[in-house]
Amino acid sequence: MLDELESHRDEYELLDETERDAIVKSRIGQGLFRARLVEFWGGCAVTGLGNRSLLRASHIKPWRDSSNQERLDPMNGLLLQPTLDHLFDLGLITFDDDAVVEFSKKLSKEDITLLAISGNIRLRKQPPELMRHIRYHRRHVFKRS
């Protein structure tokens with residue numbers, strides 16, 4: 001986190017004190033959220049990929065729609081490999097009540113094949129609190145068509 005702030009020092013110094021404080025608190029919160037996801041999932045929530053440098057911490061219910069508590073809650077998060085993270089954030093994939101992947105109609109069969117994503121992938125865990133957020137994602141983020 002400090003390396004990132006250092007690389008943007010000129011921009012950071014132009015901000016007023018309130019904006020600086022908000023950025024630091026946000027970055028600390030993101031680190032805590034990611035650490036909680038790593039502890040809960042141990043690897044990618046779908047594939048089990050364990051190389052943490054390749055994994056992204058993703059909110060299920062988007063940050064902008066979440067309460068402060070939900071923003072740090074690991075039950076509102078998935079640790080995903082980059083392709084799945086990107087598709088999930090864009091609403092091009094979600095998961096059904098059995099934690100099996102659903103594809104948006106915006107993805108063609110060719111897209112799915114070229115992305116090397118199987119239709120039978122699923123979340124490795126599905127506690128009720130997490131699945132409540134998945135239902136939100138399916139209703140409000142997922143692009144059915």
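1. Phe 95 counts as buried, at 1% relative accessibility. Buried means under 20% relative accessible area, exposed over 50%, and partly exposed in between, with a 1.4 Å probe and protein chains only. Phe 88 is also buried, with a relative accessible area of 1%.

2. This is a predicted model: local features need pLDDT of at least 70, side-chain atom pairs count only at pLDDT 80 or more, and totals for chains, interfaces and linings use all residues. Residues are numbered from 1 along each chain as its sequence is written, and side-chain values use heavy atoms, without hydrogens and water.

3. How many aromatic pairs does a search of the whole structure find? It finds 2. Rings of Phe, Tyr and Trp (its six-membered ring) pair if their centres lie within 6.5 Å; planes under 30 degrees apart count as stacked, over 60 as edge-to-face, the rest as tilted. Phe 40 and Trp 41 are edge-to-face, because their ring centres are 5.0 Å apart and their planes stand at 85°. Trp 41 is buried at 3% relative accessible area, while Phe 40 is partly exposed at 22%. Phe 88 and Phe 95 form a tilted pair, with 6.1 Å centre to centre and 40° between the planes.

4. Two lysines sit over rings. The criterion is NZ of Lys or CZ of Arg within 6 Å of the ring centre and within 35 degrees of the ring normal. Lys 125 lies over the face of Phe 40, 4.2 Å from the ring centre. The charged end of Lys 61 is over the ring of Tyr 136, 5.0 Å from its centre.

5. Strand 2 (residues 77–80) is covered on both faces. Gly 77 and Leu 79 are buried on one side, Leu 78 and Leu 80 on the other. Strands (E, at least two residues) and helices (H or I, at least four) are DSSP runs, numbered from the N terminus. Strand 1 (residues 56–59) pairs with strand 2 in the antiparallel sense over 4 bridges; pairing requires at least two DSSP bridges. Ala 57 stands opposite Leu 79.

6. The largest nonpolar core has 29 residues, of which Leu 78, Leu 123, Leu 130 and Ile 134 touch the most other members. Such a core joins buried Ala, Val, Leu, Ile, Met, Phe, Trp, Tyr and Cys residues through side-chain atoms within 4.5 Å. Helix 3 gives the most, with 4 residues.
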